[in-house]
Amino acid sequence: MSHRPRSGLTAVSSALLAMSRHLEMRDVLKTIVVSARELLDAQYAALGVPDDHGGFAQFVVDGVSDAQWKAIGPLPRQHGILAAMLHEARPERLSDVREDPRFGGWPDAHPDLVDFLGLPIRDGDEIIGALFLANKLRPAGEHPPHPSQSSCPQPEGGCGFTQEDEELLALLAQHAAIALTNARLYERSRELTIAEERSRLAHELHDAVSQKLFSLRLTAQAATALVDRDPARAKTELHQVAALAAEAADELRAAVVELRPAALDEDGLIATLRTQIQVLDRAHTARVTFTGTGYRALPAAQEEAVLRVAQEALHNALRHAHAERVDVSVARRGPGAVLRVGDDGDGFDPAAVRRAGRHLGLVSMRDRASGVGGTLTVESAPGKGTVIELEVPGG
């Protein structure tokens, strides 16, 4: 590739850097496809990730409009030339894909494909994707390459993909394999985190909502027994039923909020916290406020730690401390940030809590803080409320 201009090397570098910036699978796939199409001057590009059922779990395209993609229909199956990339595990460079005996089964609304370049994306011996390019474009004013530069004959009206293009796409595919593998590991990690959060919530629901529902049932039974012989006491018991039902509803609403995945990647820490706290403020009788000042984005792991510590501290304040007001703030501190969650609830003696073997989530919060190089401080006393502060360094 010695005759490729320096600007081409810059484009390669930009493409590889772009792929390394994303962790979400869909973003990684789209970045690979766009980078490949722009880098090799193709009209169309596509990347398919196989499933275990003879089709594609995901299939991303570039160069096709939304209207065209909708008209094309369902995701393609692994057949014909597409299957060749996944099962024969070798590059395919064709002057006219329509003349290949494996070509077929293409929807009527599919754009016309002529010259074609495709190759598998491999992670060791496993094929984790297939990258396709079609219809090589010739920049204005550029003469077609000499036929000796490529074993691929020149199609009429096009310049065809060259051996150099194939080598460049192979380089891109090697880095795409790393990006896809990282994205898969990230998704599995998120799935494990979600599973852990659901398990924690299941325990909380059992301990909190179930107990309130049990109390509600006993109180309702008592009211039923008293309704004829002591109507005044029955009325009091029914008021208690209403109060318990409201508390159970609060618990359930809060649990639903926590079950929703945090939209850190899409919305950022400040917007995610603000949204969750607005919901908690509506769901609970306590006043819950949030302020964010001077904050700048932190590495993903640190932002997740801040979010989880905030959620745990809010959980304690709203469900255990009987707080009437909870104030949450995130502010810039040097190159990092500091989270502060303060409430006017019952408070507690931190030393006594440790001696009694209770932790109120403090162990989990400290683990999250230390995991990202942060520090957690807890100030509380019986009847004096609680202030939890988490400081994390900058990235």
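Which residue in S8 is the bridge partner of Ser329? It's Arg340, and we'll get back to the sheet around that pair below. Keep in mind that this is a predicted model, where local features need pLDDT of at least 70, side-chain atom pairs count only at pLDDT 80 or more, and totals for chains, interfaces and linings use all residues. Residues are numbered from 1 along each chain as its sequence is written, and side-chain values use heavy atoms, with hydrogens and water left out.

**The big picture**
- The protein has 11 helices and 10 strands; these are DSSP runs numbered from the N terminus (helices are H or I with at least four residues, strands are E with at least two).
- Of its 395 residues, 45% are buried, where buried means under 20% relative accessible area, exposed means over 50%, and partly exposed is in between (1.4 Å probe, protein chains only).
- Take the contacts (heavy atoms within 4.5 Å) between residues at least 6 apart in sequence: 63% of them join residues at least 24 apart.

**The sheet**
- Five strands make an open sheet in the order S6-S7-S8-S10-S9, with mixed pairing; two strands pair if DSSP finds at least two bridges between them.
- S6 and S9 sit at the edges with a single partner strand each, so one side of each has no neighbour in the sheet.
- From one strand to the next, the twist averages 10°.
- S7 and S8 pair in the antiparallel sense over eight bridges.
- Helix H11 lies across S9 and S10, running at about 150° to S9 (axes are lines fitted to C-alpha atoms, for helices over the stretch in contact, and angles run from 0 to 180 degrees between N-to-C directions).

**The nonpolar cores**
- A nonpolar core is a set of buried Ala, Val, Leu, Ile, Met, Phe, Trp, Tyr and Cys residues joined through side-chain atoms within 4.5 Å.
- The largest one has 37 residues, and those with the most contacts inside it include Leu273, Val326 and Leu390.
- Several elements each supply at least two residues of this core, among them helix H8 (264–283), strand S7 (325–333) and helix H11 (362–371).
- H9 gives the largest share of this core, with nine residues.
- If you leave aside its neighbours within four places in sequence, Leu273 touches Phe290, Leu307, Ala310 and Val330.
- Apart from this core lies another, of 29 residues, including Leu117 and Ile121.

**The salt bridges**
- There are 10 salt bridges in the structure, each one a side-chain nitrogen of Lys or Arg within 4 Å of a carboxyl oxygen of Asp or Glu.
- Lys30 bridges to Asp62, with the closest N and O atoms 3.7 Å apart. Lys30 is in helix H2 (residues 25–39) and Asp62 in strand S2 (residues 56–62), so this pair ties together parts that are 32 residues apart in sequence.
- Asp62 is buried, at 12% relative accessible area, whereas Lys30 is partly exposed at 34%.
- Asp62 also forms a salt bridge with Arg37, where the closest N and O atoms are 2.6 Å apart. Since Asp62 lies in strand S2 and Arg37 in helix H2, the pair ties together parts 25 residues apart in sequence.
- Put together, Lys30, Arg37 and Asp62 are linked in a network of salt bridges.
- Glu391 is in strand S10 and Arg333 in strand S7, so the pair ties together parts that are 58 residues apart in sequence.
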